[in-house]
Each structure stands twice: as C-alpha cells, then as structure tokens.
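Good morning, and thank you for making time for this presentation. I would ask you to look at the sequence and the structure together while I speak.

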Amino acid sequence: MTTKVDQSSGLAAAAEARIDDLQRRYPTKAATLLHVLWEIQWQDGWISEDRMRYAAKRCGVPISKVLGVVSFYTMYRTKPVGRHHVQVCRNICCHIMGAAPLIEHIKAKIGVGEHEVSADGKWSFEEVECMAGCAWAPMMAINEAYHENLTPEKADRILGELV
Ligand code: FES
C-alpha cells in the first residue's frame, strides 16, 4: 500500500486533510499547533527542526512558540526513536510496585539504555513520569499502547511478540 504524500509538506495527504479540517473548525490556526505536532510525530516518530518550522508556518506562529511547546510537553520527541519506543513509568505508584528492577530488566532485554536507539532501529527506551496508569502499576507504553500490571515475565512476553 502506498501513502499519498502532500508534496509541499511531506506529510501524508490524509494528515494534511485532518489539519485542514481542524483549522476550519478552530477559532485560530495557532490553536491547532498541538495537533499539527501530533500529526508530524505519528508519521515520522519524532519532530525534526524542519518539521518544527513547517508547524510554525502551518499554524501562523513563531518558531519560538513551537520550540516552547515541544520542550514543555515530554510526549513530543525531538530525537529519532526506534520502531518500538518503550517508555516505562518510574513515578511513585509504579516505583512502589517494582518499576526500578523492571526498568533494568527491560533495558537489558532490549539492549538499549535511556534515550538510546538500537543499532537496527528496532528499539528505543525512555523512563517517564506518571502516564495515568497508576491503578495498574507498574506499567509501560510501547508507542501508543499501554501495558499494565507488569512483571518481568509479562514484559518479556510482550516485547518478544514485537518484530
Ligand atoms: S505512577 Fe506510574 S502510571 Fe502513575
């Protein structure tokens, strides 16, 4: 299957259409900045400086505004990540439920450390603060999917199923 790309932005035509639709409905183009950045990250996996410049132009805001947003919200990535970006929560509930040894176990299993990407591009890893899965601690997210009530064995199973 091929994805149609908008030649002016390099984003998928479907992403451009979603942005157009939102910008028709929002009071200002600037109000769609978070969504535009999400569209970029969904497509590329991260947000490069070129893409930040594009988002600024698309939303009619200065590049400083975009930099402020991507540096404030930790869910925006400003460096490339692996195909499977593993985020493990280290905050209080997860910590109490064993996050620290789980983090070491997962890093050893996938062979990458904090903010590293594996040589084959398959994995990247990041410790994060609370992801609102506290009731099911400890938890991790792989890309956008949450995995909760983790044990080292359960984490192994989940990671082992990914290609
Ligand atoms: S403390 Fe880990 S999800 Fe909230």
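Predicted model: local features only at pLDDT ≥ 70, side-chain atom pairs only at ≥ 80, totals over all residues.

Asn149 sits in the loop that links β4 to α7, the helix at 152-160. Its backbone deserves a remark as well: the phi of Asn149 is positive, at about 50°, although the residue is not a glycine.

Asn143 is not a glycine, yet has a positive phi of about 50°. Asn143 lies in the loop between β3 and β4, the latter covering 145-147. Is Asn143 exposed, partly exposed or buried? Because Asn143 has 14 C-beta neighbours inside 10 Å, it counts as partly exposed.

Pro138 itself is placed in the loop between β2 (123-128) and β3 (140-142).

I now turn to the chain as a whole. How many helices and strands does it have? There are 7 helices and 4 strands, and along the sequence they follow the order α-α-α-α-β-α-α-β-β-β-α. Two domains are assigned: domain 1 spans 13-72, and domain 2 spans 84-160. Their centres, taken over C-alpha atoms, are 28 Å apart. Along the principal axes, the C-alpha atoms of the chain fill a box of roughly 45 × 35 × 25 Å. Of the 163 residues in the chain, 24% are buried. As for contacts between residues at least 6 apart in sequence, 53% of them join residues at least 24 apart.

The axes of α1 and α2 come within 10 Å of each other and cross at roughly 170°. How are the two helices directed relative to each other? Angles over 145 degrees count as roughly antiparallel, and α1 and α2 are therefore roughly antiparallel. On the α1 side, the contact involves Ala15, Arg18, Ile19 and Leu22, which meet His35, Val36, Glu39 and Gln43 of α2.

The crossing of α2 and α3 is right-handed. From α2, the contact takes in Leu33, Val36, Leu37, Ile40 and Asp44, while α3 supplies Arg51, Ala55, Arg58 and Cys59. Here the division is 6 nonpolar, no polar and 3 charged.

Finally, I come to Ala31, in the loop between α1 (13-25) and α2. Ala31 has 14 C-beta neighbours inside 10 Å, so it counts as partly exposed. Ala31 and Ala56 are 25 residues apart along the chain, and their C-alpha atoms are separated by 12 Å.

Thank you for your attention; I shall be glad to take questions.

How values were computed: Residues numbered from 1 in each chain as written. Domains from an automatic or database assignment. Left-handed = near helix turned anticlockwise from the far one by under 90°. Contact = placed C-beta atoms within 7 Å. Nonpolar A, V, L, I, M, F, W, Y, C, P; charged D, E, K, R; others polar. Buried ≥ 20, exposed ≤ 12 C-beta atoms within 10 Å, placed from the backbone. Axes fitted to C-alpha atoms, helices over the stretch in contact; angles between N-to-C directions. Parallel < 35°, antiparallel > 145°, perpendicular 65-115°, else oblique.
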